[in-house]
Amino acid sequence: MLSGKTILLGVTGGIAAYKSAMLASALVKEGAAVHVLMTGHATEFIAPLTFETLTANRVSVDTFDRNFQWNVQHVSLAKRADLFCVAPATANVLAKMAMGLADDMLTTTLLAASCPKLVAPAMNTGMYNNPVTQRNFAMLKELGVSFVDAETGHLACGDDGKGRMAEPEEILAAIRRLLTPKDMKGLRVLVTAGPTEESLDPVRFLTNHSTGKMGYAMAENALARGAGVTLVTGPVSIPVPAGAEVVRVRSALEMREAVLSRAAKADLAVMAAAVADYRPEAVSADKIKKSDGEMTLPLVRNPDILKELGQTKRPGQLLCGFSMETRDLVENSAKKLTAKHCDLIAANNLRTEGAGFGTETNVMTLLTREGAEELPLLPKGEVAARIFDRLLAMR
Ligand code: CTP
């Protein structure tokens, strides 16, 4: 998703520097040209060779190298960059950035670069909470620098509090967002994701293997493109995308209520959740005890949320459903397109390699009233982008 982009990654001296190696690797995997600049202190935490191996580009370190050609190269890098990300960003480098100080290769290039800048602070809680640091944050925000805020938790220095660098995936998502054209600005998108859980008694429930990855990728892509996103999510263990309004639900009935009360405002509704078709007829207040012999569970049908949305769809609103099959993919999914009054059904076959539950990729067929388009094996983020491209083309 970042192919053709040049990203400068500034690494400063903090223990979180090791996480930046994962970030560099992920950026390269997404097709970006990554150039790493390190402070002298950063090289105490991680070797430049690590980044050179991952990025296939020479790392610039503050070596007091006075080679003229070398400096000029770095000004040209500053000019070519699409984005400058500093991760981890120490209190020291943030103070320098806020003041416009340029006393090493990293801060010199930062000052020369006019591209969007993103910082991921990482420091001790005392330093983080210090009013001077807080003032520097405010100044940088005012100057248009974007932040991936530090997390609260146990810090390497032994303290508990705010100051731990955000995870590489979160920084990557912020980079994607900054570099994605905002072609969904002003649109409101409602997304469902994950499984539902249908209680049987206080200790048991019926559910399915959905991990929420495809729905979360849809929400993430819409956010990156500037849309306002409401994510109604069943129980999953992946982090929610920053910036979405998140409504957490458990059962299909709860999901229905959350979706129907918000649907009227949505321009696009994307129902990626794996909603249980049935729930136990009764929920036992006490734990059900086993007895000898067989047991039969009476189940009743859950309402079909997507179908209800299709019936109440307002003009101009677009509806996207998902379909997972093990056979007759196109035939079965085409029936859903008509029966549920959808504009698009994104269908995948559970048996196809690289598709289905829990994978990072998907192999989708997009069905519309015009016909079926088969997509190749793609990362779920890219699949999400293609689905929105199709939906936007229908508007
Ligand atoms: N869906 C829904 N509410 C339900 C069931 C499904 O909104 N109670 C939505 C899903 O979010 C998804 C689509 O409908 O977008 C899936 O359609 P569905 O008919 O459930 O597919 P399958 O369960 O795979 O169909 P079948 O049971 O007929 O195999």
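Predicted model: local features only at pLDDT ≥ 70, side-chain atom pairs only at ≥ 80, totals over all residues.
Which of the 13 residues around the ligand come nearest? Select Met271, Ala273, Pro303, Leu306 and Phe322.

Residues are numbered from 1 along each chain as its sequence is written, and side-chain values use heavy atoms, with hydrogens and water left out.

**Stop 1: the ligand shell.** Colour the shell by residue class. Eight residues are nonpolar, one is polar and four are charged. Here Ala, Val, Leu, Ile, Met, Phe, Trp, Tyr, Cys and Pro count as nonpolar, Asp, Glu, Lys and Arg as charged, and the others, Gly among them, as polar. Now show helix H12 (305-312) and strand E17 (318-325), which each supply at least two shell residues. E17 gives the most, with three. Helices (H or I, at least four residues) and strands (E, at least two) are DSSP runs, numbered from the N terminus.

**Stop 2: polar contacts.** Look for pairs of N or O atoms within 3.5 Å. A polar backbone atom of Met271 is 2.6 Å from a ligand oxygen. At Asp277, a polar side-chain atom lies 3.2 Å from an oxygen of the ligand. At Ile305, a backbone N or O atom is 3.0 Å from a ligand nitrogen. The protein covers 74% of the 580 Å² of accessible area that the ligand has on its own (Shrake-Rupley method, 1.4 Å probe).

**Stop 3: a salt bridge.** Select Glu308 and Arg256. Their side chains meet in a salt bridge, 2.8 Å from N to O. Glu308 lies in H12 and Arg256 in helix H11 (residues 252-263), so the pair ties together parts 52 residues apart in sequence. The model has 23 salt bridges, each a side-chain nitrogen of Lys or Arg within 4 Å of a carboxyl oxygen of Asp or Glu.

**Stop 4: backbone exceptions.** Most residues other than glycine have a negative phi, and most peptide bonds are trans. Go to Ala87 and Pro88: the peptide bond between them is cis, with omega near -5°. Pro88 is in strand E4 (residues 83-89). Finish at Ala56, with a positive phi of about 60°. Ala56 sits in the loop between helix H3 (48-55) and strand E3 (60-61).

Technical notes: Near = heavy atom within 4 Å. Polar contact = N/O pair within 3.5 Å; in protein donor to acceptor, adjacent residues only side chain to side chain.
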